[in-house]
Amino acid sequence: MPDSPVFAFVETGRGAVGLQPLLCAAELGLRPLLVTADVSRYATSDQARALIDRTVHAIVPADTADSASVTEALRPYAERSELAGVMAVIDYHVPVVAETARALSLPGLSPQAAHIARNKLRTRRTCAELGVPTPKFSHVLSAGEAVRAAGSIGFPCVVKPLTESASIGVRLCRTADEVAEHYVALTADALDARGGAKPDGVLVEEYLIGYELSVEVLVTAEGPQLIGVTDKSLDAHPHFAEIGETFPTQLPDAVRDEAAQAALDALKAIGHDFGAAHVEIKVTADGPRLVEINARMGGAQIGRVIHEASGIDLVREVIRLHLGRRPDLTVRRRAAAASRYLTAPADGVLRGFAGQELVERLPGVCAVDLYVTADAAVRRVRNNADVLGHLVVRADTPAEAARWADTAALMLTAEVEQTPC
């Protein structure tokens with residue numbers, strides 16, 4: 001029997017959650033490749049190394065910030081007609097994957113759209129020019145420019161990096177001093193969270209007063225397919241860490257449809273012509289406004305809650321789309337699901353989690369996954385990368401799923417010994 005095709009992932013998330021797409025590829029009969037600049041990022045323990053060994057067909061070294069390097073690393077597989085597809089599951093490598101897919105004649109997103117989506121400034125400019133409702137914004141290249149832009153846009157304002165992900169570096173600033181301090185903090189390091197070079201400057205934006213949701217879309221040969229709208233829960237300001245999702249939305253149909261249309265308009269504006277998109281929208285008193293476009297699947301547990309609620313395995317279907325196949329988006333159940341993320345109440349040392357036995361007694365709990373163990377250094381959540389674990393609950397309606405998930409999250413708490421000041 002001939003070997004099955006290989007399917008390449010250019011980097012991924014960490015831990016068991018990060019390897020889920022590779023496991024899914026293996027379940028589809030593919031041999032998963034992990035293209036990475038540094039496999040030690042994933043092989044952080046004996047358990048992690050064992051999981052990689054069980055999951056990954058081969059590690060392919062490459063400079064994953066450079067599409068030419070990734071293309072050449074994968075070319076031998078393509079020349080042997082073994083390479084069936086290439087995909088990114090995190091934002092940092094979406095443009096590299098788009099360019100690699102184009103170079104190797106594989107299904108993929110337009111490289112131009114990928115680069116626009118990857119850079120928040122380019123997204124803002126493109127969408128604003130084409131009439132997509134966006135916040136007021138300014139690209140600034142010094143702390144002084146940032147303060148002047150904030151004064152023009154109005155306080156409080158949002159100051160953020162151009163190309164980070166997971167809400168890293170996004171901050172609400174209420175004063176000129178906070179704006180200047182955060183500009184200095186964002187520009188102190190020339191590299192982003194994945195080691196890539198940051199573009200110059202930061203964004204100062206209008207603070208949109210409203211609630212946030214995300215629109216999940218899959219663009220196929222038949223055009224954009226709306227998977228649904230996800231309610232999002234965020235932690236307290238000044239940060240914007242995501243601490244929960246509920247799918248499908250509990251919002252009225254008219255609000256849901258207006259937000260979905262704003263997301264579809266944004267995707268059309270940037271020329272998004274293939275694959276998954278996770279579009280973040282703020283619903284304000286004046287209607288929906290674009291927060292950002294992510295040209296990949298929704299991260300964290302969004303794929304899981306969609307699967308629990310609808311029966312659609314979004315990860316599997318996105319992989320099938322990247323294989324050149326038609327995805328199966330048939331809704332097999334009409335339920336609801338919610339995820340909640342566990343966070344540290346303070347900076348310090350984790351001593352353990354309390355309440356696991358209580359959570360097990362709640363109805364509908366599908367998963368409880370803890371990412372860190374006792375004696376690990378933890379901190380109060382500042383971005384999505386700081387969460388300590390997650391839980392998922394399924395119920396008949398979104399309201400029930402959300403209430404049970406909130407109840408579970410209150411019961412399961414991180415016990416942290418605070419670091420002395």
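Visitor: What share of the 421 residues of the protein count as buried, and what makes a residue buried?

Guide: In this predicted model, 53% of the 421 residues count as buried. The term rests on relative accessible area, and a residue is called buried when that value is under 20%.

Visitor: Why is Ala26 called partly exposed?

Guide: Ala26 has a relative accessible area of 37%. Buried would require a value under 20% and exposed a value over 50%, so a residue in between is partly exposed. Ala26 therefore takes the term partly exposed. Ala26 belongs to helix H1, which covers residues 15-27. Its C-alpha atom lies 9.3 Å from that of Val6, a residue 20 positions away along the chain.

Visitor: Among contacts between residues at least 6 apart in sequence, what percentage join residues at least 24 apart?

Guide: The figure is 69%. A pair is in contact when heavy atoms lie within 4.5 Å.

Visitor: How much accessible surface does the protein have, and what part belongs to carbon and sulfur atoms?

Guide: The accessible surface comes to about 18500 Å², and carbon and sulfur atoms account for 50% of that area.

Visitor: Which residues line the largest cavity, and which elements give two or more of them?

Guide: The lining has 17 residues, and Ala88, Val94, Leu109, Ala295 and His322 lie nearest the centre of the cavity. Helix H4 (94-103), strand E12 (275-284) and helix H11 (314-322) each give two or more residues. H4 gives the most, with four. By class, the lining divides into 12 nonpolar, four polar and one charged residue.

Visitor: What surrounds the second largest cavity?

Guide: This cavity, with a volume of about 100 Å³, is lined by 13 residues, and Asp91, Ala117, Arg118, Ile293 and Asn294 lie nearest its centre. Helix H5 (111-118), helix H6 (120-129) and strand E13 (287-294) each supply at least two lining residues. The classes are five nonpolar, three polar and five charged.

Visitor: Why is a space called a pocket and not a cavity?

Guide: A pocket is an open set of points, whereas the probe cannot get out of a cavity, so the term pocket applies where the set is open. The second largest pocket has a volume of about 450 Å³. Its lining has 24 residues, and Ala65, Tyr92, Arg118, Asp192 and Ala197 lie nearest its centre. H4 and H5 each supply at least two of the lining residues, and the largest share, three residues, comes from H4. Seven nonpolar, eight polar and nine charged residues make up this lining.

How values were computed
Residues numbered from 1 in each chain as written. Predicted model: local features only at pLDDT ≥ 70, side-chain atom pairs only at ≥ 80, totals over all residues. Heavy atoms only, no water. 1 Å grid on protein atoms, 1.4 Å probe; cavity = no way out; pocket = protein on both sides within 12 Å on 5 of 7 lines; lining within 4 Å. Nonpolar A, V, L, I, M, F, W, Y, C, P; charged D, E, K, R; others polar. Points joined across faces, edges and corners; volume = space filled by probe spheres on them. Buried < 20%, exposed > 50% of the residue type's maximum accessible area, 1.4 Å probe, protein only. Areas by Shrake-Rupley, 256 points an atom, 1.4 Å probe, with all protein chains shown as cover.
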